[in-house]
Amino acid sequence: MTASFSAGDIVTCTYGNKALSGTYITDRDGMAVVKLSSGYNIGVEKTCCTLVSPAKTPSSRPAPVRQDPHLPELAIISTGGTIASRIDYRTGAVTSQFDADDILTAIPALAEIGRYRTKQLYTILSENMTPAIWQELAKAIFDEIKHGVAGVIVTHGTDTMAYSAAAVSFMIDTPVPIVFVGSQRSADRPSSDNAMNAVCSACTAESELGEVAIVMHGTTNDDSCSIHRGTRVRKMHASRRDAFKSIGIPPVGTVDYATRTVTLTDDAVRRGVHKLALHNNLEPHCGLIQFYPGMSPDLLKIYEGYKGLILSGTGLGHVSTVLIPQIKFLIANGTQVVMTSQCMNGRVCDRVYDTGRDLLAAGVIEGGDMLPEVALVKQMWVLANEKDPEKAAALMKTDLKGECMRRSAHGL
């Protein structure tokens, strides 16, 4: 007779002739799903599992963590990150728990840094972000700063966090830090980066920074976090804890995890430099497409009627000559087209080769060294706030929030 287990039971099992212990989660496809102490799940035959101890009866909610009224007040706005989470043993999933008590219970060190207001704006996977949600997020951040908080922390899924940070950079003039933070490893794994990232984000949120930034692990070790400008950062690895890198510039600061010391570079915008303002109009009918050899002009026809299009071209900003007539048609019919480069470093210069000169003659705007995804959200913002085509084109070439550097870094 096959033993019966309940979610949360501690069991031993045999996997590959090796005895392992873990937490029973559920049955799936006739197999027992067991979560190991490493945080990973395995599937084994139920007959090889032995009960060690039954699941503990859920305890009552822990007592609230005391918040020191003398510490700076910070706001935490959640869009679906893993800053506070627990394991759901029915599914093995990590589910978000989100109010100040949940967060401080999960990461007690935060209570030593500040006191917190919390708002759960969304609980979504970051690939489900939209321009409309960016607008809501900007308004929520604006309201918290207007309330008087010393800084704002936004928890966010890592996959599209750079898009959101760039979008908020354009929509808000901020006198205080706005810090995006996420986690590459879920909270149930020993290698989780959520606690360190959260602590470093809180330190940054009460620092002298005065701009939008992403704060994530700076190395694979638990030693420091990097502070990346919201318009110059990209996720460069699918799973490493130090996945986020500043592109074209160094990070604008670092946070030493052991001492909680924030060090800003001379280029970092300082607290209080800008007066609070919200400009959260966005034009959603903008697109981003990457050129590849053999690309058909028919693909560009999809964007007919769009207000804007960002091209991610090769090298100095090139596409096949067979695309130029369709690009010219888009521009003639009111679509603003901006050229960026697929290269991580350097800048667009369409005056070197014939193709580039033909693109300029067609009306393509050079995007300098803007990252393609940053150029997209900037275009959404520009076209929503400036209706004159010539002025909108000039704005796309103007450095507004550190997205366009006058000189590009030579290093890779």
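In this predicted model, strand β12 (residues 178-181) is covered on both of its faces, with I178 and F180 buried on one side and V179 and V181 buried on the other. Strand β10 (residues 151-155) runs parallel to β12 and is joined to it by four bridges, and within this pairing I153 has V179 as its bridge partner. Strand β13 (residues 212-217) also runs parallel to β12, the two being joined by three bridges, and here V179 stands opposite A213.

| Salt bridge | N to O distance |
|---|---|
| K235 and D159 | 2.6 Å |
| R232 and D369 | 3.6 Å |
| R351 and E366 | 2.4 Å |

D159 counts as partly exposed because its relative accessibility is 49%.

R232, in the loop between β14 and β15, and D369, in the loop between β23 and α8, are 137 residues apart. R232 is buried at 2% relative accessibility, and D369 is buried with a relative accessible area of 5%. Salt bridges that share partners join R232, R347 and D369 into one network.

R351 lies in the loop between β22 and α7, whereas E366 belongs to strand β23, 15 residues apart. R351 counts as partly exposed at 48% relative accessibility, while E366 counts as buried at 15%.

Key. Residues numbered from 1 in each chain as written. Predicted model: local features only at pLDDT ≥ 70, side-chain atom pairs only at ≥ 80, totals over all residues. Heavy atoms only, no water. Buried < 20%, exposed > 50% of the residue type's maximum accessible area, 1.4 Å probe, protein only. Pairing = 2+ DSSP bridges. Salt bridge = Lys/Arg side-chain N within 4 Å of Asp/Glu carboxyl O.
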